[in-house]
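This briefing is intended for a reader who meets the structure for the first time. Please view the sequence and the model together before turning to the notes.

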Amino acid sequence: MPEVGKDNQSLTQMTKVLTDARSIRIKGRSFLAVVLSPDLPLDDWLKRLDDLAARSAGFFLGRPVVLDVTELAINRAELKELTAELAQRNVSIMGIEGGRPSLVEAGMPPILKGGRPASDFEVTVSDTATEKREENRTPEPAATRQALQSLIIREPVRSGQSVIFAEGDVTVIGSVASGAEVIAGGSIHIYGALRGRALAGSVGNASARIFCRKLEAELVAIDGVYKMAEDMPASLRGQPAQWWLEGDTIMAEKLS
């Protein structure tokens, strides 16, 4: 005869699990990611990526990266090989944008849709300081959000720090040290020496500009077009300068 008591006990346990008031909490998050848009031939593109990584150490380290293949004629095997090549370079691809679902297979980064050129990134002194203390890191510079499209940093940006503000312009009342970076959706204004990296127009704003009181930068970029230190005009080193974009060329001139 079946053991009715045990069956009833199992049913009771199952019912309890299904009706448990506790729930799994799922939240949304919005992160600013670097977007890489390869072009053919891929071997040449990877060489240029290696050159960037060699001249700007740690640029991709710990940074979320999206691979945009919208304009790339590529099949699944080629895409799989490309992501493997990037993984060997410590470039962590969090997702693939602009590709057909059939391009990916199990174990590959997922296809992403609905990417936006602007984020809901919010900067507050208390939140930033709390997060950095919890992670046992150096706190971010004290920041005050003056207006909807402007962020003012009232302290120097020290080596290893990263200031990211996708919603608009960033103004640094001080210097940006070597090994530090400022990333803005709009323009970047630095009332001191720029010794680290400045990336303006990070969400597709080709009209953004970079201004600094003293140019000693490791890298400057506008809307993804970048220039390394050794490629900058020698006459601008140590001088007040501005950078802007004309087509696919990043231009510079001394500020009077």
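The notes below proceed from the whole chain to single residues.

The model is predicted. Its protein chain contains four helices and 16 strands, and buried residues account for 36% of its 256 residues. The average pLDDT of the chain is 77, and 71% of the residues reach a score of at least 70.

**Confidence along the chain**

- Residues 118-140 have a pLDDT below 50, although the model gives this stretch 26 contacts beyond near neighbours in sequence.
- Residues 142-148 also stay under 50 in pLDDT, and here the model has 21 contacts beyond four places in sequence.

**The chain as a whole**

- Of the contacts between residues at least 6 apart in sequence, 33% join residues that are at least 24 apart.
- The protein chain exposes about 15,100 Å², of which carbon and sulfur atoms supply 52%.

- Strand S9 covers residues 181-184, and both of its faces are covered.
- Glu-181 and Ile-183 lie on one side of S9, Val-182 and Ala-184 lie on the other, and all four are buried.
- Strand S7, residues 162-165, runs parallel to S9 and is joined to S9 by four bridges.
- Within this pairing, Val-182 in S9 has Val-163 opposite.
- Strand S11, residues 197-200, also runs parallel to S9, with three bridges joining the two strands.
- Leu-199 in S11 is the bridge partner of Ile-183.

**Arg-197 in strand S11**

- Arg-197 belongs to strand S11.
- Arg-197 counts as buried because its relative accessibility is 6%, which is under the 20% cut-off.
- A polar contact of 3.4 Å links the side chain of Arg-197 to the side chain of Glu-181.

**Val-172 in strand S8**

- Val-172 is located in strand S8, which spans residues 169-172.
- With a relative accessible area of 0%, Val-172 is buried.
- Leaving aside residues up to four places away in sequence, Val-172 touches Ile-153, Glu-155, Val-157, Val-182, His-189, Ile-190 and Tyr-191.
- Leu-151 is 21 residues from Val-172 along the chain, and the C-alpha atoms of the two are separated by 8.5 Å.

**Backbone features in loops**

- The peptide bond joining Leu-40 and Pro-41 is cis, with omega at about -5°.
- Pro-41 sits in the loop between strand S1 (34-36) and helix H2 (42-55).
- Asn-90 is not a glycine, yet its phi is positive, at about 60°.
- The loop that holds Asn-90 lies between helix H3 (76-88) and strand S3 (93-97).
- Asn-90 is exposed because its relative accessible area is 56%, over the 50% cut-off.
- Asp-223 is another residue other than glycine with a positive phi, near 50°.
- Asp-223 occurs in the loop between strand S13 (219-222) and strand S14 (225-228).

Conventions. Residues numbered from 1 in each chain as written. Predicted model: local features only at pLDDT ≥ 70, side-chain atom pairs only at ≥ 80, totals over all residues. Heavy atoms only, no water. Buried < 20%, exposed > 50% of the residue type's maximum accessible area, 1.4 Å probe, protein only. Contact = heavy atoms within 4.5 Å. pLDDT = per-residue confidence, 0-100. Pairing = 2+ DSSP bridges. Polar contact = N/O pair within 3.5 Å; in protein donor to acceptor, adjacent residues only side chain to side chain. Areas by Shrake-Rupley, 256 points an atom, 1.4 Å probe, with all protein chains shown as cover.
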